[in-house]
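This note is intended for a colleague meeting the structure for the first time. The points below proceed from the overall composition to the sheet and its packing.

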Amino acid sequence: RVYSRDQVEQLRFVADRTKEGASAADAHRLLAERLGTQSNIGAGANDAVVIVILLAERDRYAAELCEYFLRTEGYEVCLALDPQTAEEFYVERRPNLSIVELMIAGGGLALCQRLTRDDAVPLLAVSSLALRDDALAAGASAFLEKPLEPLQFVSTVRDLLGASALTRRDRTLIN
């Protein structure tokens, strides 16, 4: 099983409380209080909010790596290896965030423009080329240059989704 960072933090909290002498039940109760809920930890997946991320990438191996990092954080990922599939997923799944590799066959910059027309969903552009200005002009909310550093990638995704305490609700430009 792959755990999200939040789940790992919760497990550490429970382990620390039991090392301090609390029973497992008390440690879980304290965790529930800390989370502001009295429900069972590990409640059904139907209770959780699902965050969908559209990943449009040209390289299958890079896509699998990015998908792994995103799923580890608990996000649901729709993977597209071409712009047409990406646009179909965008319409069908209404993602909370789009990530577009600018060198995708068929035009990544044009895809950015089409996906950001309504300006409702943030878009992270990535490329091995220094195309930051072009990406931002095409409507991207942020740009990262490849090779991606995993922690920076996940942090940028969380910032764009508003899952970081440092994030403002407006569209913030990030490296």
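1. How many helices and strands does the secondary structure of the protein chain come to? There are 7 helices and 5 strands, where helices (H or I, at least four residues) and strands (E, at least two) are DSSP runs numbered from the N terminus. From the N terminus on, the elements follow the order α-α-β-α-β-α-β-α-β-α-β-α.

2. The model is predicted: local features need pLDDT of at least 70, side-chain atom pairs count only at pLDDT 80 or more, and totals for chains, interfaces and linings use all residues. Residues are numbered from 1 along each chain as its sequence is written, and side-chain values use heavy atoms, with hydrogens and water left out.

3. The 5 strands of an open sheet are arranged in the order 2-1-3-4-5, with parallel pairing; two strands pair if DSSP finds at least two bridges between them. Strand 2 (76–80) and strand 5 (142–145) form the edges, each pairing on one side only. From one strand to the next, the twist averages 20 degrees.

4. Strand 1 (residues 52–56) runs parallel to strand 2 and is joined to it by 5 bridges. V52 has E76 in strand 2 as its bridge partner.

5. Helix 4 (residues 83–93) packs on the sheet, touching strand 1, strand 2 and strand 3 (97–101); contact means heavy atoms within 4.5 Å. The direction of helix 4 makes about 150 degrees with that of strand 2, the axes being lines fitted to C-alpha atoms, for helices over the stretch in contact, with angles from 0 to 180 degrees between N-to-C directions.

6. Of the 175 residues of the protein chain, 37% count as buried, that is, under 20% relative accessible area (1.4 Å probe, protein chains only).

Note on methods:
Buried < 20%, exposed > 50% of the residue type's maximum accessible area, 1.4 Å probe, protein only.
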